[in-house]
Each structure stands twice: as structure tokens, then as C-alpha cells.
Amino acid sequence: MQKIKTGHSIALAILLLAASLPAMANDGIDARIDESIRPYADAVAGFIFSSFPVAGVQIPFVLVWLIFAATLFTFYFRFINFRAFKHGFQLVRGDYSDPLAAGEVTHFQALATALSGTVGLGNIAGVAVAVSLGGPGATFWMILAGLLGMSSKFVECTLGVKYRNEYTDGSVSGGPMYYLSKGLAERSEKLKVLGKILAILFAIFCVGGSFGGGNMFQANQSFTQLVSVTGGDASWLADKGWLFGVIVAALVGLVVIGGIQGIARVTSKIVPLMAVIYVTAGVIIIIMNLTEVPAAFASIISGAFSAEGIAGGVVGVLFQGFKRAAFSNEAGIGSAAIAHSAVKTSRPVTEGFVALYEPFIDTVVVCTITALVIIITGTWNPSVDPSQGVALTSAAFESNISWFPWVLTVAVLLFAFSTMISWSYYGLKAWTYLFGESLITDVVYKLLFLFFIVVGSSMQLGSVIDFSDAMIFAMAFPNILGIYFLLPVVRKELDEYWSDYKAGKLKKFGKAANRA
């Protein structure tokens with residue numbers, strides 16, 4: 001009954017707030033807001049994405065921070081990204097899932113929720129831009145970065161479960177906020193203050209990122225694609241962004257009111273569906289151009305190490321590939337650990353194994369298929385406008401399937417919707433960490449989140465979105481810094497579990513128990 005009342009309150013507030021947006025947009029208020037915020041947004045983004053030159057290419061420090069950590073974790077845990085890949089699948093399948101363990105969702109549902117937050121417009125638009133600016137060789141480095149990122153996901157998701165809060169009503173709260181504060185305090189008294197500071201910084205960055213990159217950007221780009229396939233400027237929807245936003249906000253609201261269990265139920269259905277739709281279309285294009293595949297792979301390998309005509313040469317190619325992978329799968333950002341923390345398990349490291357599949361599916365599978373389609377169809381364009389990535393991917397598919405823009409529109413809408421509901425959960429957990437767990441704080445955050453969906457659909461607030469994107473990647477600094485201190489904790493969890501696994505001491509459940 002309480003959830004129904006909350007739902008009614010949220011729906012009424014969104015309708016009232018949205019009613020004023022068309023007039024505000026027509027009055028140019030969005031432009032004025034953008035102008036007033038732009039200097040501050042540029043300053044923050046400039047700091048977060050500060051770079052240094054290498055072979056004539058400006059390399060953002062945050063990218064080096066993420067890739068270095070992923071490489072270190074891979075070696076420190078002796079290539080766990082490959083060693084535990086098979087066992088991770090067994091866990092996703094439910095072979096070792098204890099239904100009585102603390103938590104709210106299954107291993108598969110946790111993975112689906114986390115994937116829905118990363119598999120999105122970056123896989124469609126970002127890859128097209130990366131291949132265009134870095135050439136086919138960027139795909140090689142993108143795949144390598146995705147494989148390394150699997151180790152980062154393993155570490156942060158293991159810690160997310162290890163230090164989560166478990167409440168008497170069965171709900172849980174976890175993520176970097178908790179393992180930074182609790183984990184570092186556990187290591188030593190001297191690290192306690194540092195852990196608390198890092199946790200608060202992470203939570204602030206996460207809330208900011210949830211409103212922009214995880215919300216407004218998704219709403220804005222999905223509305224733009226819908227308008228494009230329905231007639232562009234002549235479309236009846238062209239000036240109805242607010243209406244689109246209200247509809248999407250209502251749908252998102254219906255899901256997020258149910259908490260992580262409601263989100264997991266939806267994402268566990270949407271993620272496989274959208275993956276099948278998009279990947280199937282990509283595979284069809286590849287099959288239709290099967291004779292071009294060997295040449296495409298040859299250009300990927302050769303282009304990775306001999307980049308003629310690419311700004312910055314090989315360094316420029318490597319940068320584009322690593323950048324796309326890091327910005328797509330968010331390994332090291334810490335966001336996914338919030339979703340994975342809700343899993344039903346008594347062994348934290350099991351969710352680390354499951355999380356290995358997130359960068360693999362997001363980057364190694366989905367991003368690579370996009371790249372292959374663009375390379376095979378020859379639509380990559382070195383002079384591409386970075387904001388036209390979706391259009392470039394659409395053109396690549398359309399060159400073989402004339403009606404594909406409609407399929408892409410469905411994929412974009414599903415990607416955007418699933419990303420929004422996942423980021424609503426990430427932002428909510430960071431919000432309640434800062435302001436406390438209560439019905440009021442819960443409702444206030446959800447109201448704000450849903451309102452920003454309408455704002456993102458109906459107003460052009462580029463500076464706000466840029467600021468929020470910077471917040472997402474700012475999360476990597478406190479997250480990875482804290483993780484360095486907690487690596488021995490993860491090593492201990494891994495060694496104990498792996499010993500039991502190899503000795504056959506783990507109990508199997510369900511069909512796996514019958515097979516045994």
C-alpha cells in the first residue's frame with residue numbers, strides 16, 4: 001500500500017513539473033541555464049579530463065588511471081579474467097546459487113542489472129566514432145582493454161558484496177561507498193578517515209552522474225533518434241520532447257518504485273532482448289558480407305600497429321580503442337558494484353566471477369560487432385562529428401538493411417530505458433548513503449531523477465550533461481585509490497574460495513545438484 005501511495009505522489013509531481021517545460025523551452029530558458037552553467041561545467045570537466053601529450057595525442061589522465069589499474073589487477077590475481085571465466089558461467093546459470101543466502105536478486109539478475117547500465121548508446125555511437133577517428137586498429141585495443149577491464153570488475157564487485165549492509169527486512173545496500181568506508185577502517189585506524197572521505201566523494205560524484213550521463217543524456221539521445229526516423233524536423237514529435245519525457249518518466253517510475261527487485265525483473269528480460277535484437281542484426285550484416293570478414297580482421301590487426309593517416313599514429317589508435325572500452329564498460333568506475341552487491345550469496349568472490357562477463361559482453365562482444373559492421377560496410381569516416389555516432393552506425397546497418405533505422409531506434413530506446421533504471425538505483429544508493437535510509441530521502445531522489453528525464457528530453461542542456469559525464473569518471477579516482485588498499489582482502493577471499501572449488505567442497509543447487 002505504501003508503494004502505491006508513493007507511486008501516485010511521484011506520478012502527480014512529475015506531471016505538474018513537466019507541464020511547465022514546453023513554455024520554458026520556447027522561452028529559451030534552457031539556453032540561459034546552459035550559458036550560466038557552462039563556465040563551471042567546463043572547469044570541472046577540464047579538471048577531471050585533464051590530459052598530457054603523447055606523440056601528439058592528448059591522453060586523459062583518468063584513462064591512464066583506469067587502464068593501469070585494470071592491468072595491475074590482471075597480473076595481481078594471475079589472470080583471473082581467464083581462469084574463472086568458466087566458473088563464472090556456472091554461477092550465472094545458478095549451479096551454486098543458495099536461495100537462502102542473504103541478498104535480493106540472483107546472480108543472473110545482478111549481472112543483467114549491471115549490464116543494462118553499461119550496454120547502451122556508447123556501444124552504438126561511441127564505437128562508430130572510435131573506429132572513424134582511430135581506424136579499424138582501434139578495435140584491437142578496444143578488445144584488449146575490455147579483457148583487462150574484466151579484472152577491475154572482479155575486484156570491485158567482490159568488495160561490494162564483502163562490505164555491504166544487510167538489513168532485517170532482507171534488503172541490502174552496497175557499493176564503493178561502503179567498501180571504502182568500512183574496508184579501509186578495517187585495515188587500520190589511520191586509513192579510517194581517508195576511507196570516509198573517499199566514500200563521501202564517490203557518493204557525491206555518483207549522484208551527479210546519475211542525473212546526467214545515466215539519465216538526461218539517455219533521454220535526449222533516444223528522443224533524437226525517434227524524431228529522426230519519424231520525419232526529422234517535420235516529425236509530429238519534433239517539438240514534443242516534454243511528452244516523450246513524461247511517458248518515459250512514467251515507465252521508469254513504475255519500475256524504480258519496486259526497488260532493486262523490480263529493476264532486476266525488468267532488466268533480466270530487457271537486456272537479453274535488446275542484446276538479441278542488436279547482435280542478431282549485426283551478425284546478419286556480417287554474414288551478408290562474409291567475404292569481407294578476413295580483410296576486416298586483417299585491417300584490425302595491421303591497423304593496431306601501423307596506423308598511417310591516423311592522428312598520433314599508433315598511440316592515436318591505441319588511445320581511441322582504450323578510450324571507447326573504458327568509457328563503455330565503466331570498469332574501475334565502481335557503479336556496477338552497487339548493483340552486484342544486491343546478489344544472494346554468502347561468498348563475496350562469487351559475484352566477482354559473475355562480473356567478469358560484464359566487460360566481456362559489453363566490449364568484447366557488442367562493441368566488436370558494431371566495429372565489424374562499420375569496417376565491413378566501409379562507412380567509417382575520419383572526419384566524423386563525434387555527436388553523430390548513432391547516425392554513422394545507422395548508416396552502416398542501413399547500407400545492407402534498408403529498414404534497420406527502425407530496429408536501431410528500438411535498440412536505442414531499450415538501451416536508454418535500461419540504462420536509466422539501473423542508474424536510478426546507483427544514484428539512489430549513493431543518495432541514501434549521504435542523507436540516510438528513509439522513505440522521504442527515497443522519494444525525493446526518485447522525484448528528482450524522474451523530473452530530469454523530462455528535462456533531458458525537452459531541453460538542450462549540454463553543459464549540465466558534460467558536467468554529469470565528468471562526475472561519472474570522477475568516481476574512478478576515489479574508487480580505485482581505495483581498492484589498492486583492499487587488494488589483500490580480495491586475494492584472501494579468492495584463495496579460500498578457489499581452494500574449496502578445486503577440492504569439490506562447494507554445494508550445488510537445483511539442476512546442477514541433479515546433474516551431480
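Colleague: Which strand and which helix each supply at least two residues of the nonpolar patch?
Modeller: Bearing in mind that this is a predicted model, those elements are strand E1, residues 51-54, and helix H4, residues 61-76. The patch lies on the surface and is formed by Phe-52, Val-54, Phe-61, Val-64, Phe-68 and Leu-72, which together have about 470 Å² of accessible area.

Colleague: And what gives the most to the nonpolar patch?
Modeller: That is H4, with four residues.

Colleague: Changing topic, is Thr-350 buried or exposed?
Modeller: Thr-350, which sits in helix H17, residues 348-355, is buried, because its relative accessible area is 4% and the cut-off for buried is under 20%.

Colleague: What is Thr-350 in contact with, leaving aside its neighbours within four places in sequence?
Modeller: With that exclusion, Thr-350 is in contact with Leu-91, His-107, Thr-345 and Tyr-497.

Colleague: Now the largest nonpolar core: which residues touch the most other members?
Modeller: Of its 150 residues, these are Phe-77, Phe-154, Val-155, Leu-159, Val-252, Phe-353 and Ile-453. Helix H20, residues 404-435, gives the most to this core, with 18 residues.

Colleague: What does Val-252 contact, again beyond four places in sequence?
Modeller: Val-252 is in contact with Phe-417, Met-420, Ile-421, Phe-449, Leu-450 and Ile-453.

Definitions and conventions. Residues numbered from 1 in each chain as written. Predicted model: local features only at pLDDT ≥ 70, side-chain atom pairs only at ≥ 80, totals over all residues. Heavy atoms only, no water. Patch = residues over 30% accessible without salt bridge, like charges linked within 9 Å, V, L, I, M, F, W, Y side chains within 5 Å. Areas by Shrake-Rupley, 256 points an atom, 1.4 Å probe, with all protein chains shown as cover. Salt bridge = Lys/Arg side-chain N within 4 Å of Asp/Glu carboxyl O. Buried < 20%, exposed > 50% of the residue type's maximum accessible area, 1.4 Å probe, protein only. Contact = heavy atoms within 4.5 Å. Core = buried A, V, L, I, M, F, W, Y, C linked by side-chain atoms within 4.5 Å.
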